[in-house]
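I opened this model to look up its fold, its nonpolar cores and its surface. My entries are below.

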Amino acid sequence: MTEPAPHNDKHVPEGGDDEDKPQPTMLEQMGGVSGLIYSSLPVIVFVLVNSFFGLTAAIWGSIGSAVAITVLRVVRKEPLQPAISGFFGVAIAAFIAFRTGSAKGFFLFGIWASLVYCGVFVVSIVVRWPLAGLVWNALNGTGQAWRKDKPSRYGYDIATLVMALIFAARFVVQRWLYQSDYTGWLAFAKIAMGYPLYALGLLVVVWAVRRSDKRLKALAETEPKPETDAEVEARLREKYAKTPTPEV
């Protein structure tokens, strides 16, 4: 008769203990090295093909590379959402380049999208719903307790403002390059001001999250715990037991 396998006293929920799983690194949260390559490839293909074969070939080359990336993700069983959103982004950029008849038109959608994103982040701060805190806590299901704590909300305000400044910088620099007809430098700026600046913004968001979590944990420990029914009953019994019986 075999002995039963040893087991831990700690209950492990079905499907494994999530706490034992390694937390994704910052690079993994941003799509990893492959995500950086995938996002840069259609832009590089467009610029290179446009230099040698013209605009039409560059448009089809960028779309073809986006399709190839999507197929590769399917074959490798990687998440499709980044590939699909990237494909539609390339398709829109290619369509604008085709309509404008200019290679620099390929970057026009991203330039104005940066301005829109900047505006959304700023507005979220003004209405006291900083987008960095709203999105992070919604994705992690941690509720809205952070909004009731001013220091926590202030930290998310800073993180949201940093993200707004990142998009503002992208708009200003790339808009100037667009107006100056520096198509090659525009492609370089699009890549260089993509993941590197997002990494900087993510660092500030992580700082705000940790700061808020620490604050909320400390507040939760200082708050009195609500009494259970048994504790309420015991307290009432003790109260009335000490109350003297009135003489008749």
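These notes go from the whole chain to single residues.

Entry 1, the chain. I am working from a predicted model. Of the 248 residues, 31% count as buried. I looked up the contacts with a separation of 6 or more, and 65% of them join residues 24 or more positions apart. The accessible surface comes to about 16,900 Å², and carbon and sulfur atoms hold 66% of this area.

Which residues have the most contacts inside the largest nonpolar core? I list Phe46, Ile59, Phe106, Phe107, Ile111 and Leu186, in a core of 26 residues. At least two residues of this core come from each of α2 (32-53), α3 (55-75), α4 (81-100), α5 (108-126), α8 (150-179) and α9 (183-192). Another core, of 8 residues, lies apart from it and includes Ala132, Val204, Val205 and Val209.

I noted a nonpolar patch of about 440 Å², made by Val122, Val123, Val126, Val127 and Trp129. Where is Trp129 placed? Trp129 sits in the loop between α5 and α6 (131-140). I record Trp129 as partly exposed, because its relative accessible area is 34%, between the cut-offs of 20% and 50%.

Key: Residues numbered from 1 in each chain as written. Predicted model: local features only at pLDDT ≥ 70, side-chain atom pairs only at ≥ 80, totals over all residues. Heavy atoms only, no water. Buried < 20%, exposed > 50% of the residue type's maximum accessible area, 1.4 Å probe, protein only. Contact = heavy atoms within 4.5 Å. Areas by Shrake-Rupley, 256 points an atom, 1.4 Å probe, with all protein chains shown as cover. Core = buried A, V, L, I, M, F, W, Y, C linked by side-chain atoms within 4.5 Å. Helix = DSSP H or I, 4+ residues; strand = E, 2+ residues; numbered from the N terminus. Patch = residues over 30% accessible without salt bridge, like charges linked within 9 Å, V, L, I, M, F, W, Y side chains within 5 Å. Salt bridge = Lys/Arg side-chain N within 4 Å of Asp/Glu carboxyl O.
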